[in-house]
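The sequence and structure come first.

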Amino acid sequence: LRHLKKLTIEFAEIHNVDSHAFGNFTRIHNISLPNNQIRTLAAKSFANHMDLRELSLCHNEIIEVDAFSFENLPELNRLNLEHNRIEVLHEETFDNLDKLTELLLSHNNIGILAREMFKGLINLEILKLDNNKVRYLGDCLFNELWKLKELDLGHNMIEVIVVVISM
């Protein structure tokens, strides 16, 4: 399986993704684990997959994503975490994902967006945060998203906007 490029495991009742769970698939480009029952992502769950371009964990039961779950994924350009129960995203969660162009976080329970959560996502074009529980948009939140073309914040509970968006 050293040459495997795409792995899809759907409706398999997976509950956890341990550290380095897919460590043997060193050349994989796409990992898709939708419609399982994943609740936790350990630190370094997908770390060191140097060729991974797309990761889909949509339609699971993830509540919290470890700050280092996506560590050292230099080629990742699409991350789908839609339709989970995510409440907390750490400020470091998306660190060093500088090739990421699409980040899908819709339909979760995200209430707080850390001040520098999207820092370093200089190539991000699509950011979907709709259908969450976001109440506050602070300054600096979107500062480094120079290539952003689509931002969806619909169906949240936004009460305060202190955001300055510079073009």
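## Thr93 and its surroundings

In this predicted model, the side chain of Thr93 reaches the backbone oxygen of His90 at a distance of 2.8 Å. Thr93 is placed in the loop between β8 (88-89) and β9 (102-104). With a relative accessible area of 1%, Thr93 is buried, because the limit for that class is under 20%.

If neighbours within four places in sequence are set aside, the contacts of Thr93 are Val65, Asp66, Ala67 and Phe70. One of these, Phe70, is itself buried, at 1% relative accessibility.

## Aromatic pairs

A pair of aromatic rings is described by the distance of the centres and the angle of the planes. Searching the whole structure gives 5 aromatic pairs. One of them is formed by Phe22 and Phe25, whose ring centres are 6.4 Å apart. The planes of Phe22 and Phe25 meet at 35 degrees, so this pair counts as tilted; the stacked class needs planes under 30 degrees apart, and the edge-to-face class over 60. Both residues are buried: Phe22 has a relative accessibility of 9%, and Phe25 has a relative accessible area of 15%.

Phe46 and Phe70 make a stacked pair, with 6.4 Å from centre to centre and 15 degrees between the planes. Phe46 belongs to the loop between β4 (40-41) and β5 (54-56), while Phe70 belongs to the loop between β6 (64-65) and β7 (78-80). The pair therefore ties together parts that are 24 residues apart in sequence. Phe46 is buried at 0% relative accessibility, and Phe70 is buried at 1%. Through ring pairs, Phe22, Phe25, Phe46 and Phe70 are linked into a cluster.

## Nonpolar core

In soluble globular proteins, nonpolar side chains tend to be buried together. Here the largest nonpolar core has 42 residues. Which of its residues touch the most other members? They are Phe46, Leu57, Phe70, Phe94, Leu103 and Phe118.

The contacts of Phe94, apart from its neighbours within four places in sequence, are Leu79, Leu89, Leu103, Leu105, Met117, Phe118 and Leu121.

## Arg39

Arg39 is located in the loop between β3 (30-32) and β4. Its relative accessibility is 38%, so Arg39 counts as partly exposed. The side chains of Arg39 and Glu61 are joined by a polar contact of 3.4 Å.

Leaving out neighbours within four places in sequence, Arg39 is in contact with His15, Glu61, Ile62, Ile63 and Glu64. Arg39 and Asn109 are separated by 70 residues in sequence, and their C-alpha atoms are 14 Å apart in space.

## Parallel sheet

An open sheet is formed by 4 strands in the order β2-β4-β6-β8, with parallel pairing. Which strands stand at the edges? These are β2 (16-17) and β8; each has a single partner strand, so one side of each is left without a neighbour in the sheet.

The parallel strands β2 and β4 are joined by 2 bridges. Val17 stands opposite Leu41 in β4.

Terms used: Residues numbered from 1 in each chain as written. Predicted model: local features only at pLDDT ≥ 70, side-chain atom pairs only at ≥ 80, totals over all residues. Heavy atoms only, no water. Phe/Tyr/Trp six-rings, centres within 6.5 Å; stacked < 30°, edge-to-face > 60°. Buried < 20%, exposed > 50% of the residue type's maximum accessible area, 1.4 Å probe, protein only. Core = buried A, V, L, I, M, F, W, Y, C linked by side-chain atoms within 4.5 Å. Contact = heavy atoms within 4.5 Å. Polar contact = N/O pair within 3.5 Å; in protein donor to acceptor, adjacent residues only side chain to side chain. Pairing = 2+ DSSP bridges.
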